[in-house]
Structures are given as structure tokens and as C-alpha cells.
Amino acid sequence: MSRVLVGVKRVIDYAVKIRVKPDHSGVVTDGVKHSMNPFCEIAVEEAVKLKEKKLIKEVVAVSCGPTQVTETIRTALAMGCDRGIHVEVSGKDYEAMGPLQISKIFAALAKKEEASLIILGKQAIDDDCNQTGQMTAALLDWPQGTFASEVTIDGEKVKVVREIDGGLETIKISMPAVLTADLRLNTPRYATLPNIMKAKKKKIANMKPADLGVDMVSRVEVLRVDEPPTRLAGVKVETVDDLVAKLRANGTI
Amino acid sequence: MAQRLNSVVTRHFSKLTSLSSTRKLTENVSSKPKTASGSEITSDHLLYTPEHFALKESLKKIIDQDINPYVDQWEAEGIFPAHKVFKLLGNAGFLGVNKPVEYGGLGLDFSYSIAMSEELGNIRCGGIPMAIGVQTDMATPALARFGSTELKKEFLLPSIMGDKVACLGVSEVGAGSDVATIKTNAVREGDEYVVNGGKMWTTNGTQADWMCLLANTSDGPSHKNKSLICLPMNSPGVHIARKIDKMGMRSSDTAEVFFVDVRVPCKNLIGQEGMGFTYQMLQFQEERLWACGNILTMMDNIIQETIQYTRQRKIFKMPVLYHQSVHFRLAELETEIELLRSLLHRSTALYIKGNDVTKLASMAKLKAGRLSREVGDSCLQYWGGMGFTSDVLVSRFYRDARLLSIGGGADEVMLSIICKYMDTLPKPPPKK
């Protein structure tokens with residue numbers, strides 16, 4: 001039967017107020033609360049549900065980054081994944097890491113682990129790239145079902161209902177495939193305390209990108225990070241005519 | 001003259017309410033406090049392991065999804081659905097953190113209970129954490145330690161699962177801090193106890209399935225004549241006289257209960273007869289540390305919300321926060337909160353290694369009660385008129401936290417305990 005790889009990314013917690021570093025090289029991450037990317041949580045939940053339905057045999061949680069990402073893998077284990085893989089990336093490589101490097105890692109792991117499905121979140125809330133799933137599928141030459149709001153396994157095929165601009169699109173793709181989870185796919189469970197304690201015993205394998213034959217060199221360089229401009233106060237007008245006049249005056253109409 | 005003043009005041013207040021109803025909408029937008037620093041040191045923590053933090057994260061999700069959205073409603077109704085909430089927590093394993101595995105607990109040490117108490121401080125009221133604390137750390141510890149197997153199966157297991165709601169019957173109308181003078185008695189008749197008397201300040205009392213009752217079971221010295229009994233609340237003769245209308249902790253139902261010839265099988269005795277007082281005292285350290293953990297997070301949240309509010313509220317052309325008296329005072333309060341947190345973690349670390357931390361736990365409880373009153377009072381002042389409304393958390397905190405210096409061991413009792421350890425209490429004159 002099948003094995004599923006689920007990608008989980010450690011990101012700054014959604015509730016934290018983001019601050020840009022004084023040197024504008026990035027955002028402040030030291031001492032800031034991090035948690036699992038919400039779309040990754042949805043991906044984990046979907047994988048665990050498939051396992052509970054006995055449609056797949058094993059769920060492997062994967063994360064790339066420094067030692068701290070093992071916390072995120074542990075959360076995935078506490079939600080029901082069977083084992084984890086920590087691909088160690090730190091320092092400059094970690095700062096420059098982006099969807100291309102991750103998808104290369106996932107493609108290599110998918111082959112190594114003989115996975116039939118890769119489930120990822122549609123995007124991460126820190127960079128909003130929405131590229132990793134698509135790139136991974138391309139590197140593997142696998143079909144992709146992105147923005148999934150419903151997933152049904154039907155023998156060797158997967159039926160995916162996708163959220164697109166015009167509404168919903170239903171496609172059927174063959175496995176092995178890459179899926180990316182959208183918001184309405186499911187509601188992730190919270191890890192119960194007994195499962196949190198059980199997760200301690202589950203294994204997390206450790207490896208480096210080089211072990212997978214992946215080159216981490218990035219062709220993208222971040223030049224500068226700035227905060228969005230402060231929202232200016234609005235101007236109140238008395239009548240519709242005033243409004244039209246003002247809009248005309250500042251060239252909007 | 002008084003009438004004119006009255007009408008001026010009423011007009012002013014109605015203006016305030018109309019202002020606050022429009023402000024409420026904007027307040028609600030930012031009412032989910034974004035952690036300003038978002039800092040939580042997870043590595044190198046003195047007491048907590050990654051599992052403790054995982055516990056907190058899971059609990060936070062339950063609080064955010066299943067508890068906080070309903071708090072305002074439950075506060076207004078004066079009661080929260082204990083069976084529903086406890087079942088939710090029970091399913092996730094949170095009601096038996098340090099209870100035996102054989103009865104559905106997790107058998108973890110008390111540091112996990114403290115981690116849980118801290119996280120429960122994220123509930124936007126004091127009543128519900130208090131009710132949970134009664135279930136997990138006040139009504140059940142003695143049963144878990146000293147109860148018979150049969151008794152544990154009947155009362156402890158369902159309480160850990162969240163199927164039965166527990167309450168604690170210790171304080172009475174005539175006896176609070178002086179527990180030794182309680183009057184409720186349980187007289188043995190054959191293989192039953194007949195209970196007469198009453199209990200006061202019973203948290204969860206109107207919803208509880210059973211009560212951990214402290215009653216006099218014999219004559220003799222007041223420290224040695226009391227026993228703990230598991231009393232089913234649906235027993236004939238148990239009268240819930242009233243749900244007490246309180247200034248704060250309004251979502252927690254507090255009952256005054258009477259017992260008229262209530263019959264309880266003798267097998268419902270926890271442990272040994274006459275040991276009730278001792279059993280109850282044994283868990284005081286845990287109760288006090290638990291209360292401290294709870295209020296620390298609440299105080300953190302109040303400070304953060306006050307910073308947010310005063311940053312955007314302008315007075316004399318600049319944010320209230322920018323006035324030195326304000327940010328300096330908040331810094332003072334934050335300092336004291338960290339000091340109390342250090343005391344809590346230090347005491348807990350010693351306790352889980354088997355040390356007696358009565359003195360430190362009493363100090364922590366004493367400081368928790370007093371500091372929370374200072375935090376509530378100072379912060380409320382900085383919220384100005386808004387702080388006086390029911391639309392904001394700070395006014396609820398002000399009301400809820402006031403109980404801490406009274407319940408669970410009044411400040412004066414804590415002081416006496418500390419003095420006992422300092423050997424400064426007056427001694428009786430030497431006998432000739």
C-alpha cells in the first residue's frame with residue numbers, strides 16, 4: 001500500500017506582529033513565537049485522515065531547516081504522522097532557502113521513500129510563494145492537484161476538487177501525485193495530550209540536502225525588506241459633489 | 001439639586017454607552033491580542049520541555065476554538081456548560097494530566113499541570129479556569145491518592161474523562177479560613193453515613209455530579225475528626241439552595257448547598273476516617289501554585305492589551321502610552337510579573353523533586369493575589385472611561401482577579417503560614 005510524504009514548514013506564528021529588522025535584510029525571528037504553517041496543518045490532517053480510512057499505510061512528516069524545525073515535526077507526529085524526516089539546513093543556506101530548493105529535496109525524498117502522494121500546504125504564510133507543490137510535481141513529472149478543497153482516493157487515481165477563481169474545478173489524476181491543501185479541505189485536529197506524549201517515541205530521521213544529492217544554491221537574492229506603507233487617514237466630505245470634485249482633483253477620475 | 005446632577009450624570013453615561021457601542025466594533029477587530037513581542041523562550045527553559053510547549057499549543061487551540069468565542073455569552077448568562085466543556089477537555093486528555101494512567105490519566109508530574117494552568121490563563125475570564133482547576137486539582141487529588149479502587153472507578157475515572165463534573169465541599173457559611181470549625185457532620189449508621197449541614201462557595205455546585213465533601217465523622221481534636229467522602233449530588237436530601245450572584249467569576253456557577261439527612265454508603269469514604277483534614281492540606285501546595293500559574297498569563301494579557309489600547313488612544317495630542325508615568329508603570333508591573341513567574345517555576349521544580357514547598361507556595365499565592373489587584377487597578381486606570389465598561393477585558397479581569405486574595409486561602413492565611421516558617425508567630429507564655 002501507499003506512503004504519503006507531508007511537508008510541514010515552521011513559520012512565525014500567525015498571531016505575532018511582524019517587525020522588520022533595522023537593517024532591512026529581513027524580519028525579526030529571534031525569540032519570536034513560531035508554529036506550523038496553517039496550510040501545512042491542513043495537509044497533515046488530510047494525510048492522517050487518509051490513513052485512518054486505511055487508504056494509505058504510512059504518513060511521513062518532512063521539514064527542512066535548523067534544529068528548531070524538529071518541534072514542528074513533533075507537532076505533526078502528535079497529530080498522527082508515523083515518523084518524521086528532518087532535512088538539516090542552517091545558516092546562510094537556510095536564509096536563502098526557497099521553493100526551488102525545497103521541491104528538489106521533496107522530489108529526491110519521494111523517490112527514496114517510494115511515496116505515492118506528496119501533500120503540501122498551498123503556500124506558507126511567511127513568503128506566500130505558492131510554488132513548492134507545483135515545482136515538486138514538475139521535477140518529478142507527476143500530476144498535481146493544487147488548491148484542493150476535497151480529496152477522494154479512487155483506486156490508483158485521485159479525484160481533487162480545486163478552488164479556482166471561477167469557482168470549483170474537479171479533476172482526476174493518477175498516482176503518484178502532488179496535492180496542495182487549501183483552507184477548506186478540512187479542520188485540523190489539535191494534538192491530544194496522550195498523542196503528544198506518544199509522539200516522543202516516534203522516530204525523526206536526520207539528513208542533509210547533500211545526502212539527497214540536492215544543491216542548495218539559490219539564484220534569488222533578497223535585496224531589501226520594507227514594511228508596507230502606513231495607512232494614511234481618510235478625508236471626509238459632505239456631499240457627493242464634493243467627492244467627485246476631490247476625486248477629479250487628485251486625478252483618480 | 002441632586003435630581004439635576006442625576007440627570008447630568010445619566011446623560012453623560014448614556015453618551016458614554018453610545019460611544020462605547022460604536023467603539024466596541026473597532027475594539028473587537030483588534031480584540032485578539034497580537035503578541036507584541038511574541039516572545040516565548042522555548043529552548044533553555046528552566047522547567048518546560050518541548051512536550052510542555054506542545055501541551056500549551058494544543059490547549060490554546062481548544063481555548064481559541066471552543067471556549068473563548070462563547071465566554072461573553074456565558075458571563076452574561078452567569079453559567080458555563082461544565083459538562084460540555086469538561087468533556088471536550090477530557091477527550092483531549094487535559095483533565096487527568098497528573099492523575100494515574102489506570103484511570104485515564106497521563107501520570108505526568110505536576111510541572112505539566114502548571115503548564116496547563118498557565119495556558120488556561122488565555123481564557124478571557126477567570127471563572128472557567130477556576131472551574132477547571134476545581135475539577136483537576138481540588139476535588140480529585142485526594143481521591144486519586146487515597147481512594148479505594150472501586151471509588152476511583154466510580155468517581156475519578158469519569159471525572160478524568162470529562163463525563164462527571166466534580167465540586168469541592170469544604171467551606172461553610174460559618175467556617176472559611178478556619179476550616180477546623182466546620183459543622184457539617186457525617187454520622188455512621190450501619191453501613192451508611194448520614195450527612196447533615198451545608199456548604200458554601202461551591203464552585204460547579206449547581207452542575208456537579210458529585211462532591212468531595214469534608215465532614216466531621218467523629219468527636220475529638222478538630223484536625224483529626226474529619227473525613228473526605230464522595231457524595232453524589234443527586235442523593236435525596238441534597239438541596240442546592242441558590243446560585244450565588246457574584247461580583248466576578250460570573251461564568252462560574254457558585255452554589256450554596258444544604259444537606260438534610262443525606263445517606264451515603266460508607267464505602268464512599270476516601271482513605272481513612274479522621275484523615276480528611278490532612279488529605280485536604282496535602283493538596284494545598286498544588287492548589288496555590290496552580291492559581292498562581294493561571295493568573296500570571298492573565299496579567300500578561302492584560303498588560304499587552306493595555307499597551308495596544310494606550311498606543312492608539314490619544315490624549316493631549318499623543319498616545320496615552322507615550323506619557324512616561326504610563327509606560328514606566330507598565331514596566332514596573334511587568335517586572336513584578338516576571339519575579340512571580342520565577343518563584344512559581346522554582347517552587348514547581350522543587351516540588352516535583354519531592355520537596356516541601358509550603359512556604360514558597362504560600363508566598364506565590366499571596367503575591368499572585370496582591371499583584372493581580374495592582375495590575376487590574378493600574379491598567380484599568382489607563383483604559384479611562386473604556387476601562388469602566390463591560391465591553392473590555394480589563395474590567396472583567398479587575399472583578400475576577402479580586403477573588404484571588406480571598407479564595408483558595410486568604411492573604412491573611414498565607415501570611416500566617418509564612419510567619420510560621422519564619423518563626424515569628426506569638427508563642428503562648430511558658431507554663432510555670
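Residues are numbered from 1 along each chain as its sequence is written, and chains are lettered from A and ligands numbered from 1 in the order in which they are written. Because the model is predicted, local features need pLDDT of at least 70 and side-chain atom pairs count only at pLDDT 80 or more, while totals for chains, interfaces and linings use all residues; side-chain values use heavy atoms, with hydrogens and water left out.

**View 1. The interface between chain A and chain B.**
Chain A contributes 18 residues to the contact and chain B contributes 27 residues, where contact means heavy atoms within 4.5 Å. The size of an interface is often given as the accessible area lost when the parts come together. Here the area buried between chain A and chain B is about 2000 Å², with 58% given by carbon and sulfur atoms; buried area is the accessible area (1.4 Å probe) that two parts lose on being put together, summed over both. Two salt bridges are counted between the chains, a salt bridge being a side-chain nitrogen of Lys or Arg within 4 Å of a carboxyl oxygen of Asp or Glu. Two residue pairs are in polar contact between chain A and chain B, both at pLDDT 80 or more. A polar contact is a pair of N or O atoms within 3.5 Å; within protein, one must be able to donate a hydrogen and the other to accept it, and residues adjacent in sequence count only if both atoms are side-chain atoms. On the side of chain A that touches chain B, helix 6 (residues 193-199) of chain A gives the most, with four residues. Helices (H or I, at least four residues) and strands (E, at least two) are DSSP runs, numbered from the N terminus. By class, this side of chain A holds 10 nonpolar, three polar and five charged residues. Ala, Val, Leu, Ile, Met, Phe, Trp, Tyr, Cys and Pro count as nonpolar, Asp, Glu, Lys and Arg as charged, and the others, Gly among them, as polar.

**View 2. E51(B) and its salt bridge to K200(A).**
The side chains of E51(B) and K200(A) form a salt bridge of 3.8 Å, N to O. E51(B) belongs to helix 2 (residues 50-77) of chain B. E51(B) counts as buried because its relative accessibility is 10%; buried means under 20% relative accessible area, exposed over 50%, and partly exposed in between (1.4 Å probe, protein chains only). Apart from neighbours within four places in sequence, E51(B) is in contact with I196(A), M197(A), K200(A) and Y112(B).

UniProt, in an unreviewed entry, lists residues 167-262 of chain B as "domain: Acyl-CoA oxidase/dehydrogenase middle". UniProt positions are given in the numbering used here, feature names are shortened, and annotations may be inferred rather than shown by experiment. Over residues 167-262, chain B is 0% helix and 51% strand, and the end C-alpha atoms lie 17 Å apart. S227(B) is placed in strand 5 (residues 226-232) of chain B and, at 0% relative accessibility, counts as buried. The side chains of S227(B) and T217(B) are joined by a polar contact of 2.5 Å. Leaving aside neighbours within four places in sequence, the contacts of S227(B) include L269(B), E273(B) and G276(B).

For residues 24-216 of chain A, an unreviewed UniProt entry lists "domain: Electron transfer flavoprotein alpha/beta-subunit N-terminal". This stretch of chain A is 33% helix and 30% strand. V214(A) sits in the loop between strand 11 (204-207) and helix 7 (240-249) of chain A and is buried, with a relative accessible area of 10%. Although V214(A) and I105(A) are 109 residues apart along the chain, their C-alpha atoms are separated by 6.3 Å. Not counting residues up to four places away in sequence, V214(A) touches Q101(A), K104(A), I105(A), A108(A) and P209(A). The peptide bond from M175(A) to P176(A) is cis, with omega near 0 degrees. P176(A) occupies the loop between strand 9 (167-174) and strand 10 (177-181) of chain A.

**View 3. F316(B) and K317(B) in a loop of chain B.**
F316(B) lies in the loop between strand 9 (314-315) and strand 10 (318-319) of chain B, and K317(B) lies in the loop between strand 9 and strand 10 of chain B. F316(B) is not a glycine but has a positive phi of about 50 degrees. K317(B), a residue other than glycine, has a positive phi near 75 degrees. F316(B) counts as exposed at 74% relative accessibility, and K317(B) counts as exposed at 83%.
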